[in-house]
Amino acid sequence: MMAPGSQPNQETWRGRRVLVTGGVGFIGSHVVDALVSRGAEVRVLDNLQAGREENLRQVREAIDLRIGDLRDPQAVDAAVRGCEIVYHIGANASVPASVEDREYDFKTNTLGTYHVADAAVRYDVHRIVQASTAAVYGPPQYTPVDEQHPLMPISPYGGSKLAAERLLSAYAHTFEFELFCVRIFNTYGPRQPRYVAYDLMMKLARDPRRLEVLGSGNQQRDYCYISDMVAALMIAGSRPIERVEVANISGGRTTSIRELVALILETLGLRDTEVVYGLPSWKGDIDVLSGDIRRFCSFGWQPEVPIEEGLRRMAIDLGLLPSEER
Ligand SMILES: NC(=O)c1ccc[n+]([C@@H]2O[C@H](COP(=O)([O-])OP(=O)(O)OC[C@H]3O[C@@H](n4cnc5c(N)ncnc54)[C@H](O)[C@@H]3O)[C@@H](O)[C@H]2O)c1
């Protein structure tokens, strides 16, 4: 166990041995980039189920990449051994996939988290940062949702991630490691393989004349650009905490799907696109997801990238806008 007072602060990542599970994926690969640039020694565990190795091309030589599965206790044990801090980001991250393949979702998100927690106990991990999700809240009883909101998930994904949070919290108290659970709301940006902003842009790339949108278009979301998310995650890995901390991270601005569609059309300079709403959405979809981020902001963080700018950067990254506009 690391001595009290020796916790890393935001500037002291140099030489820290950090494991990033899911480090090949969207959020995970950006976290790996940030840790490497701050001088941490980074190991990644990922089974490439959703992530692409190409996401790590800028740092490939600097990291220890282990292709392995969270469902495999030995792979997790070997990955955790020797690390002080674990960013546990690997997961089935999709609600529809959790409905389709419940076993994969449970075994990765809940059992896989047990493997991480158990290895953390064996190897004296100092802190785990758990990438949790707004889906643990379920349909909001009030908005924006704060951390005291009841936890009533309505998808296998929300259930498996809530079980993971609770298990980690119990282990953190029993075995005296630190846990920072970040409840992530919709995140978007380069390297994202799915979700609404990406899906809409890709549909428009295929056919700019007509856009079919799932649901009524009135669903509301709270979008956080990836660089803001990573800045928050760096704080979650380094800020002194008591034992267990739980805080929402979102963009702090609610946007309906209709507004998002209008912003994307404007970003791409499309004026004559026919937009059709009403395609059935997926089971477990939630109408309003809007996060109260005052707790995280009290740690000295705030989202900086407005959605208009984030969408522009994403469109450039997808090759839908010329890169000279960067
Ligand atoms: N992107 C969002 O808007 C969002 C919102 C809420 C929560 N989250 C959480 O953030 C985390 C990252 O999400 P993301 O959007 O980057 O998704 P992602 O799918 O890009 O990343 C998940 C990574 O985990 C890996 N993985 C999946 N199953 C695995 C297994 N059995 N063993 C090892 N690795 C495995 C995948 O290959 C992938 O690289 C997830 O824990 C997700 O629940 C994301």
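Here is a short chat about the predicted model above.

Colleague: Before we start, how are residues numbered, and what pLDDT do local features need?
Modeller: Numbering runs from 1 along each chain as its sequence is written. This is a predicted model, so totals for chains, interfaces and linings use all residues, side-chain atom pairs count only at pLDDT 80 or more, and local features need pLDDT of at least 70.

Colleague: How many helices and strands are there in the protein chain?
Modeller: We take them as DSSP runs, numbered from the N terminus: helices are H or I with at least four residues, strands are E with at least two. Going by that, the protein chain has 13 strands and 10 helices.

Colleague: What is the radius of gyration of the protein chain, and why is the chain called as compact as a globular protein of its length?
Modeller: The radius is taken over C-alpha atoms, and the globule rule is 2.2 Å times the number of residues to the power 0.38. For 326 residues that rule gives 20 Å, and the chain comes close to it, so it is as compact as a globular protein of that length, with a radius of gyration of 19 Å.

Colleague: What percentage of the residues is buried?
Modeller: Count the other C-beta atoms within 10 Å of a residue's own, with C-beta atoms placed from the backbone: 20 or more is buried, 12 or fewer is exposed, and in between is partly exposed. Of the 326 residues in the protein chain, the buried share is 47%.

Colleague: Which helix gives the largest share of the shell around the ligand?
Modeller: The shell has 30 residues, with Gly22, Gly25, Phe26, Gly51 and Ala91 the closest. Helix H1 (26-37), helix H4 (102-122) and strand E5 (127-133) each give two or more residues. The largest share, three residues, comes from H1.

Colleague: How many residues of domain 2 are in contact with domain 1?
Modeller: An automatic or database domain assignment sets the bounds, giving domain 1 (17-187 + 225-249) and domain 2 (193-222 + 252-290 + 304-325). Contact means that two C-beta atoms, placed from the backbone, lie within 7 Å. On the domain 1 side there are 20 residues, and in domain 2 the number is 16.

Colleague: Why do the buried residues of H8 sit on the same side, and what arc do they cover?
Modeller: In helix H8 (residues 257-267), the buried ones are Ile257, Leu260, Val261, Ile264 and Thr267. The arc is that of the directions from the helix axis to the C-beta atoms. They are on the same side of H8 because they cover an arc of only 125°.

Colleague: Which residues does Pro208 touch?
Modeller: Pro208 sits in the loop between H6 and E8. It has 15 C-beta neighbours inside 10 Å, so Pro208 counts as partly exposed. Leaving out residues up to four places away in sequence, Pro208 touches Leu270 and Thr273.

Colleague: Where is the cis peptide bond to Pro144?
Modeller: Pro144 belongs to the loop between E5 and helix H5 (156-175). With omega near -10°, the cis bond runs from Thr143 to Pro144.

Colleague: Is Leu48 buried or exposed?
Modeller: Leu48 is in the loop between strand E2 (41-46) and strand E3 (64-67). Its phi is positive, about 65°, although Leu48 is not a glycine. Leu48 has 12 C-beta neighbours inside 10 Å, so it counts as exposed.

Methods: Near = placed C-beta within 6 Å.
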